[in-house]
Structure formats: structure tokens, C-alpha cells
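Please read this note alongside the sequence and the model.

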Amino acid sequence: MQTSVDPSWRRLSEGRAPRRAAAVVRPGRVYGGVVAATLAVLVAVALLGAWAARREGEAEGVTGTARRTEILADAVVEPALRDGVVAGDPAALDRLDEAIRTQVLGPDIVRTKLWSADGTIVYSDEPRLVGRRFGLDPEEREAIEEGAGGLGTGAENSDLDEPENVYERGRGRLLEVYHPVRTPDGEVLLFETYAPYTLVTDRGAEIWRGFAAIVVVSLVGLVLLLLPIFWRLLGHLRRGRDERELLLQAALDASDAERRRIAATLHDGPVQELAATSYVVSGAASRVAAAGDRDLAGSLAGAADAVRAGIGGLRSLLVDIYPASLDGEGLEQALNDLAAGLRGRDVAVHLDVDTAAAASLDAERAQLVFGVARETLRNAAAHASCSTVTVTLTQVAGAVVLTVADDGRGFDLDAALDRPEPGHFGLRLLIDAAARQGATLDVRTGDLNDPGHPGTTWRLEVPPR
């Protein structure tokens, strides 16, 4: 088999029968698309889920920290309060400090503060803050006004740039939670804790991991359920494609048979009758001229010429439909008939046929060579705007090689293969016909917009039986 070394050549048929269903519907491509779509969904869900889980985790982490502060305030801090705390009584402060250091402070709470209503810190585990006055935010004042008993709890990101948070700097991001408590004499104070924000982010990560596991398992299960459905759909598509190709082939066979019948009818009927008529009229013209009636003789001679011209037109039509010479006189004469028909359209055709090569082909392979020649010549005359076509039939290493080259404008091969115009499937049929016979079909075409690379060359290589 010939192998094209020039990169400008495109191999259309590899010389073996086509796998029709695989050429149209490739399971690997479909399953690859399903996997790619699944991965895209996974990524999209992961991104959206990460965002949603982070928000939900932060909200839950903040709620959990706030609830922990409420419990500590009600169960630990408030029972340890004495009336002397606000006045700075050492004994009262020591009692509160012991309770906070043993039962409140730890990895989850790194700082505590106890505020009075006027913004004074009456207690903190950081002694340097005790007695300093900074003022309360509106939300914190509102929490004190609402009083104790589980009301007025708030939480927010700690602003470490504020002066009251100077000793918390360097601990990373913190979440501060405040809750009102009461002294035994009824004075409302604000208990405030500072927790590492990692408690919030860790909770978000935990929620996300659980969410991701559910999503991945669900999507994998969905894909596993869809794969049998895709397999059945692919089977239906393959069967539908095979049926359409069988119908198309049947239609082409029926069309070919009908073309043969019409061509035979025209050749054996009207063409022969017109040929006989031309002889009769020519003979009559000769006799009338001999009798001396030159006017009538001229009219009869003109009629004979018109009949012969009609016969020529019918013979060209017969070549386009189906040349009787292909079955009767062989491939070489059929190619000559094709060339004659194209010359009638003002196209110069140079024909070089190796008689031995043409004779070596059986009927099916001769029909393939003729069909490729007819289709490529027809395209050259109709679309290439060419002035010259060269047709060569030769034999190389036992294989018969047909070459059809024109000097017209090229065409967009990718568009012809992938996006053919409605009803234009001649190229696809050439490829299929060559593949069925185990032949190799190559094409080299110039750029439509580049006058320096004109022309199209087709090369068909038919192997020996």
C-alpha cells in the first residue's frame, strides 16, 4: 500500500472496511464526556459546597461558642460573683479569678473580661486591664440593659486594633462572645470571652467533609446508574446508524440499477434509432444533390447534422448516467467517454491510461475506479473552475493507481468531511466505497484563498486481489 510522505496529502481511506458505527458513535468518547461532565459537576458542587459549608460552619461555630459562654457565665461565673467585685475587693476578685482559671480558661477560651455598665473592666485574667475604662459598644450596652437570664448574648470578630484588645494581639484571629451576669445585689455586669477562630473554621471543615462524602457517593451512584442507560442509548444509536446506512446503500444500489436500465434503454433504443435516421437522411441528401435539387439537399444535410449532434448529446448524457462502455468495452473506453463529456464543457482533459492496468481489474474494482473518476471530474467541472484536468491510470507494484488532478481552486476539506451541505454526501460515499474494496484514497487540495497553491489532486490505490 502507498503511504503519503508529503504532509499536504490527507488520507481518507486506510484501505480496509470501515467500522461504521464506531465512526459515528464512539463509546469511549461518550463515556469520556460523562466522566468529564461528572468531574465538572463535582468541582462546581465542591466550590459551592465549600462556600456554603464554610458559612454554615462559621454560623454553627459561633453559635456553639456563644452557647458555651452562656453556660459558663450562668454555671461558673455568676455563682462565683460577690458584691465586692465591682468595688475591687481582693477577696471577691480572688474567688472569681480562681473559678475562671480552673473552670473557664483553656484551649477554647484564651481571655476573659468582666465589664461594668460604664465601660470599666472590673475583672480580667490579664491583671493589667483591671480598672481601665474603654467604653462599650451599643450592642454591649444593650446586652447589659436586657439583663441576665440567657438574654442579650452576642458574638463578633474581635477587632485587635482596639485599645482594650492590646494584650490579645499575636494570638491570631479571635471570636469574642459576651453575656450579662448579675452580682448578688442585682447589679448587671457583662462577661466576655475570647475564643480562637479556629474553633469556627474547624467546625466548617468538619461539616464540609461530611457534605463532600455525601455528594461524592451520590454522584458516583448516579453515574453508575446512568452508565447502563448510556450503553443502551449507544446501542440504539449504533443500530439506527447501521439501519440508515443499509437503507442508503440499498437506495444507491437501486439507483445504480435504475441508471443502468435507463442507460441501456437509451443506448439500445433512441440512440440507435437516431443513428439510423442520420444515415437515412444523409443518404437522401446525397441522392437529392445528385438529382440537382441543391436547396433540398442542403436542408437534408443540415437535418442529418442536427441528428448527429443530438446523438452526441445523448452519448454524453449516457456517460453521466452510466456508460455502456464500462460493461461492454471496458474501463479504458469508459474513462475516454468521461473525458469526452468534460471536453464538451470547455475543459482540457489529458488522459493517460495503462491498458494492462485497466484490464487487470475485475468488475467491482473497475466500477470503483470509474466511480471515483466520475465523481472527481464532476466536482472539478462544477466547483473548481478549472481549465485543465489530468487523469492517469497506471500500475505500481501490482496495485492499480488512479490520479485525477485539476488546476482549479481548492476546497475546504475539513468542512466537506465534518459539515457537508445538505444532500452533498458524494465525498463520504467515495470514502466508503474505497474502504469496502480495501483501497486507499488520498487527496491534496490547495487553499481557497491562496492563488499560489491551486488545484486538487485525488489518488486512489486499488490493491491486487
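The numbered points below go from the whole chain to its sheet, its helices and its charged pairs.

1. Basis. This is a predicted model, in which local features need pLDDT of at least 70 and side-chain atom pairs count only at pLDDT 80 or more, while totals for chains, interfaces and linings use all residues. Residues are numbered from 1 along each chain as its sequence is written, and side-chain values use heavy atoms, leaving out hydrogens and water.

2. Whole chain. The protein chain has 13 helices and 11 strands, taken as DSSP runs numbered from the N terminus (helices: H or I, at least four residues; strands: E, at least two). Of its 465 residues, 38% count as buried; buried means under 20% relative accessible area, exposed over 50%, and partly exposed in between, with a 1.4 Å probe and protein chains only. Among contacts between residues at least 6 apart in sequence, 65% join residues at least 24 apart, a contact being heavy atoms within 4.5 Å.

3. The sheet. An open sheet with mixed pairing is built from 6 strands in the order β1-β10-β11-β9-β8-β7; two strands pair if DSSP finds at least two bridges between them. At its edges are β1 (10-14) and β7 (348-353), each pairing on one side only. From one strand to the next, the twist averages 10 degrees.

4. Strand pairs. Strands β1 and β10 (residues 440-445) are antiparallel and share 4 bridges, with Arg10 partnered by Val443 in β10. β10 also runs antiparallel to β11, through 6 bridges; here Thr440 has Glu461 as its bridge partner. On to β9 (residues 399-406), which is joined to β11 (residues 456-462) by 7 bridges, again antiparallel. In this pair Leu402 stands opposite Leu460 of β11.

5. Helices on the sheet. Helix α9 (residues 331-343) packs on the sheet and touches β7 and β8 (388-396), its direction making about 170 degrees with that of β7. Helix α11 (residues 363-383) lies across β8, β9 and β11, at about 175 degrees to β11. Axes are lines fitted to C-alpha atoms, for helices over the stretch in contact, and angles run from 0 to 180 degrees between N-to-C directions.

6. Salt bridges. How many salt bridges does a search of the whole structure find? The search finds 9, each being a side-chain nitrogen of Lys or Arg within 4 Å of a carboxyl oxygen of Asp or Glu. Side chains of opposite charge can pair when their charged atoms come close. One of these bridges joins Asp97 and Arg101 at 3.0 Å, N to O. The two are about one helical turn apart because they lie 4 residues apart in helix α4 (residues 90-103). Arg101 is partly exposed, at 41% relative accessible area.

7. Buried charges. Glu168 and Lys113 form a salt bridge with their closest N and O atoms 3.1 Å apart. This pair links distant parts of the chain, as Glu168 is in the loop between β4 (154-157) and β5 (174-182), and Lys113 is in strand β2, 55 residues apart. Both Glu168 and Lys113 are buried. Salt bridges with shared partners join Arg111, Lys113, Asp125 and Glu168 into one network. In another salt bridge, Glu461 meets Arg459 at 3.0 Å between the closest N and O atoms, and both residues are buried.

8. A loop residue. Asp118 sits in the loop between β2 (111-115) and β3 (121-124). Its relative accessible area is 39%, so Asp118 counts as partly exposed. Gly135 is 17 residues from Asp118 in sequence and 6.6 Å from it in space, C-alpha to C-alpha.
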